[in-house]
Amino acid sequence: MSDIFAFTAAFIAVQVFKIIMFKKDKDYSGYDERQELIRGRAFRYGFLTLAALLAAAVLWKECVGALSIEFSLLMMACLMVGCLVVILYDIWQDAYWGIRQTSGSNAAIVLMAAAAVMVMQYLGFRGHANAGDVIVNGVLTWDGGIYLLIFAFFALIIVNLLLKAWVCLLYTSDAADEA
């Protein structure tokens, strides 16, 4: 229960900070037209992925019936995969950071926050694994499965950010060598 209060307090603090720091009349996004188009395409792909996965999950549940994962956890997995499509498409199409934002500082903040979340998820999963309520009667439950799902979500984002930085570093060093 304290996790819910901590999350709610952090969410409210971020919203208050945004209200205080940024005025409504100015655009602080810093995205140019190309990035806005790419982000629109990413949202479209994410939504279509989410719709297809939800349809497939419901169809599987209705036709086959037996799932080795709780249905609520499966729905959350579909939602998170749709979000991953948006995030990873933006990262690989260079539309994740705004033009006037420095990607290095943003990436460092995202990496630190994601690492902290991953540590918390690991500790939560370990507690549920010790209690024996991760897999009950051959079904992956919400209690343990959500920790694995969030851990994998942030791990994929971190790996893709690092891969993108490495690819960009190789590209710029190759271009500098040719010049």
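**Aromatic pairs, cores and backbone in the predicted model**

F154 is partly exposed, with a relative accessible area of 23% (buried means under 20% relative accessible area, exposed over 50%, partly exposed in between; 1.4 Å probe, protein chains only). The structure is a predicted model, in which local features need pLDDT of at least 70 and side-chain atom pairs count only at pLDDT 80 or more, while totals for chains, interfaces and linings use all residues. Residues are numbered from 1 along each chain as its sequence is written, and side-chain values use heavy atoms, with hydrogens and water left out.

Two aromatic pairs were found (rings of Phe, Tyr and Trp, the last by its six-membered ring, pair if their centres lie within 6.5 Å; planes under 30 degrees apart count as stacked, over 60 as edge-to-face and the rest as tilted). The ring centres of Y45 and Y89 are 5.3 Å apart and the planes lie at 90°, so this pair is edge-to-face. It links distant parts of the chain, with Y45 in helix 2 and Y89 in helix 3, 44 residues apart (helices, H or I of at least four residues, and strands, E of at least two, are DSSP runs numbered from the N terminus). Y45 is partly exposed, at 35% relative accessibility. F153 and F154 form an edge-to-face pair, at 5.3 Å centre to centre and 90° between the planes. F153 is buried, with a relative accessible area of 12%.

F153 also belongs to the largest nonpolar core, of 13 residues, where it is listed with L84, I87, I91, I146, I150 and I157 as touching the most other members (a nonpolar core is a set of buried Ala, Val, Leu, Ile, Met, Phe, Trp, Tyr and Cys residues joined through side-chain atoms within 4.5 Å). Helix 3 (71-92) and helix 5 (142-178) each supply at least two residues of this core. Another core lies apart from it and has five residues, among them I38, A42, V86 and A95.

I38 and A42 are among the buried residues of helix 2, as are Q35, R39, G46, L50 and A57. Helix 3 is included in what covers these residues. Just after helix 2, G65 takes a positive phi of about 90°.

Most residues other than glycine have a negative phi. D94, in the loop between helix 3 and helix 4 (103-131), has a positive phi near 60° and is partly exposed at 43%. N137 lies in the loop between strand 1 (135-136) and strand 2 (139-140); its phi is near 55°, also positive, and N137 is exposed, with a relative accessible area of 78%.

Technical notes: Contact means heavy atoms within 4.5 Å.
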